[in-house]
Amino acid sequence: MTAEPVVNSGDFTARMDADGWICDIAFSGIQILDAIYAVPRELDWETPPTTATIGELSGGNALTARFEAQTPGARVRWTVAIRTIGDGLEIRFEATCDSPVDLKRFGLVLLHTETTKIAGISSDTRPIPAIWPARIAPGPLFSQARELNLHTAQGIVHIGFDSPTETEDHRNWSDPGWKTYFPPLCEGNVHLDPHDPIEYTITLKGHRASGPSPHLTHPRPGHRAEASVAVGGGFLNRPKLGTQVFSFSNEEGDVVAGYGLDFVLVRTHIATAIGQLELAYAFGERYRARVDFQVLVPPNASSADVMAVARVAADASDRVTVQPFGQQELATTRALMGVFGDSAGGSALYYAELNRAPHLDQLGTVVFGAASQVHQGGTAWMLRTPPVMDRQIEDARRQYPGARIGLMPLVMTSLTRARDGRDADPRYDTPIAAGWLAGVLYGTAGADEVSVLRATGPAGLETEGSPTPAGALLQSHMRPDARIVPIATEGRVLALATDDGRSRKLTVANADRKPVRVAIREPSGLFPETLELAAWQVETFSSDGFG
């Protein structure tokens, strides 16, 4: 494996991974940032696929990554470079394009996670140090800040920006922590022009507490990592499971019946809802599946349109979920609650929209969606999102005590593309998808209902009549009597354990491109004590033999 290059400067160390992200930034041996990176966000918030080329300059004192991406309006090129400056670090971003284009976001991003060892954070706009909040914050934590100060046991790190920033709680979007962006979203879209490239700079400077300087080391790039999986006793809640259907075909029906799913999810805009409702009703009757129908209602929808859908839905669906974003949708939800015995509300997209929406009283079910790749630049970062879903569920239960909590839809890459069936990321056809789903099924065990992927197609449980890697994982673990067994993981691994009273199954997935040795602790000794996994490798074991 090619070593990932490392930069050392005074008390700072950092490395650049194969995706061009500056990772594991540490000060005096304490990790202070998970990553600094840049990705363009299109006007519909999609993140385009990128290619990266990594270069090392000046004998290890500077690293640079060059990127390209095709957006709907232009081909975009940018560089991210890190170099030593005195005893600190400087990160510089430059971007250009082949024709003018507008983007939602484009600049440097700092990723802060709970694994970083900081005692507090402050800024020039909020000078009193605070800790990261346990509750998922609906709004920005820091706005218009030009300096962040990270307080550690070894001293203070000052991060300076050459333009205003904002820091958001990105657990709203299933990210494993908080992100600092610049320029901030409140400044509007980012305009990129071939004749006017954009540039941003970050500087990191440290003031170490008194005492001897620790000996600084950085993990050897490409070296086999260590991880562990501990299988506990007892059982967790098992949510009702469903999947999304689009065409109401026999192939989709065979998957619903063959996988023993509890319900099917149908999502549609209010303009097409009546026709879709009638098809969904017939599909549910044919395959004995409960239909959960999500109506996406825009702010300009008339009450007459809403009630026309409501009248048809009263006979055609077991439950209707209205996706509110503002006062008009809130009124729509309350109108529908007078029609249905089991009405639900929530977010058509992510937990962020639910977290920021007006509180909806008296709802029996509250739903929101999740897509792991939405803000990520690489597979390793995407695979860190499943455990965050458990935090979202806990947060939703605090806001809506007594309500059922549903994650639907839940996809690996893009909710926008999943909405119309265009989600065809090639990783769905690899073990990566199975490892991701193992983590998701465990991470969402606290929910009441979860809709995963779609029934058929490239992003489905089956394609061309055969199970996909994710579909095979679901078949293996979610047998009719199977219950989810508590586990605890350490390191970059995802895991799922289930027990149906006759056998116990354990899936362990390497969530990183580095090989890993996993120590497995299980009281009855049903599984191997150690496991060697290559990059993205997934292994499933059964108490009655190797799976």
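This is a short walk through a predicted model of one protein chain.

Start with the overall build. The protein chain holds 10 helices and 35 strands. Of its 547 residues, 58% are buried. Among contacts in the protein chain with a separation of 6 or more, 65% are between residues 24 or more positions apart.

Next, confidence. Mean pLDDT for the protein chain is 84. A value of 70 or more is reached by 85% of the residues. One stretch needs care. Over residues 213–222, pLDDT stays under 50. The model still gives this stretch 22 contacts beyond four places in sequence. Where pLDDT is low, the predicted coordinates should not be read in detail.

The largest nonpolar core has 73 residues. Leu437 and Leu474 have the most contacts inside this core. Helix H9, residues 431–443, supplies the largest share, with 8 residues. Look at Leu474 and its partners. Leaving aside neighbours within four places in sequence, Leu474 is in contact with Leu241, Tyr259, Leu261, Leu437, Leu441 and Leu461. Another core, of 50 residues, lies apart from the largest one. Val7, Leu89, Ile91 and Val157 are among its members.

A search of the whole structure finds 6 cavities of 30 Å³ or more. The largest cavity holds about 80 Å³ of space. What classes of residue line the largest cavity? The lining has 8 charged residues, 3 nonpolar residues and no polar ones. Glu4, Arg15, Asp17 and Cys23 are part of this lining. Ala380, Trp381 and Arg384 also line the largest cavity. Arg492, Asp512, Arg513 and Lys514 complete the list.

The backbone comes next. Most residues other than glycine have a negative phi, and most peptide bonds are trans. Several places in this chain depart from that pattern. A cis peptide bond joins Phe182 and Pro183, with omega about 5°. Pro183 sits in the loop between strand S14 (177–182) and strand S15 (190–192). Another cis peptide bond links Met408 to Pro409, with omega about -5°. Pro409 belongs to strand S24, residues 404–411.

Leu453 is not a glycine, yet its phi is positive, near 55°. Leu453 is part of strand S25, residues 449–456. Is Leu453 buried or exposed? Leu453 counts as buried because its relative accessibility is 2%, and the cut-off for buried is under 20%. Trp536 is another residue other than glycine with a positive phi, about 65°. Trp536 lies in the loop between strand S33 (530–533) and strand S34 (538–542). Its relative accessibility is 19%, so Trp536 also counts as buried.

Return to strand S24, which also holds Gly406. At 0% relative accessibility, Gly406 is buried. Not counting residues up to four places away in sequence, Gly406 touches Val366, Val367, Phe368 and Glu449. Gly446 is 40 residues from Gly406 along the chain. The C-alpha atoms of Gly406 and Gly446 are separated by 9.7 Å.

Ala273 lies in helix H2, residues 273–287. Its relative accessible area is 0%, so Ala273 is buried. Which residues does Ala273 touch, not counting those up to four places away in sequence? They are Thr268, Phe293 and Val309. Ala273 and Val309 are 36 residues apart in sequence. Their C-alpha atoms are 6.6 Å apart in space.

End with Glu147, in strand S12, residues 142–152. Glu147 is partly exposed, with a relative accessible area of 30%. Gly160 is 13 residues from Glu147 in sequence. From C-alpha to C-alpha, Glu147 and Gly160 are 4.6 Å apart.

Definitions and conventions. Residues are numbered from 1 along each chain as its sequence is written. This is a predicted model: local features need pLDDT of at least 70, side-chain atom pairs count only at pLDDT 80 or more; totals for chains, interfaces and linings use all residues. Side-chain values use heavy atoms; hydrogens and water are left out. A nonpolar core is a set of buried Ala, Val, Leu, Ile, Met, Phe, Trp, Tyr and Cys residues joined through side-chain atoms within 4.5 Å. Buried means under 20% relative accessible area, exposed over 50%, partly exposed in between (1.4 Å probe, protein chains only). Helices (H or I, at least four residues) and strands (E, at least two) are DSSP runs, numbered from the N terminus. Contact means heavy atoms within 4.5 Å. pLDDT is the predictor's confidence in each residue, from 0 to 100. On a 1 Å grid over the protein atoms alone, a cavity is a set of points where a 1.4 Å probe fits but cannot get out, and a pocket is an open set with protein on both sides within 12 Å along at least five of seven lines; lining residues have an atom within 4 Å of a point. Grid points are joined across faces, edges and corners, and a volume is the space filled by probe spheres set on the points. Ala, Val, Leu, Ile, Met, Phe, Trp, Tyr, Cys and Pro count as nonpolar, Asp, Glu, Lys and Arg as charged, and the others, Gly among them, as polar.
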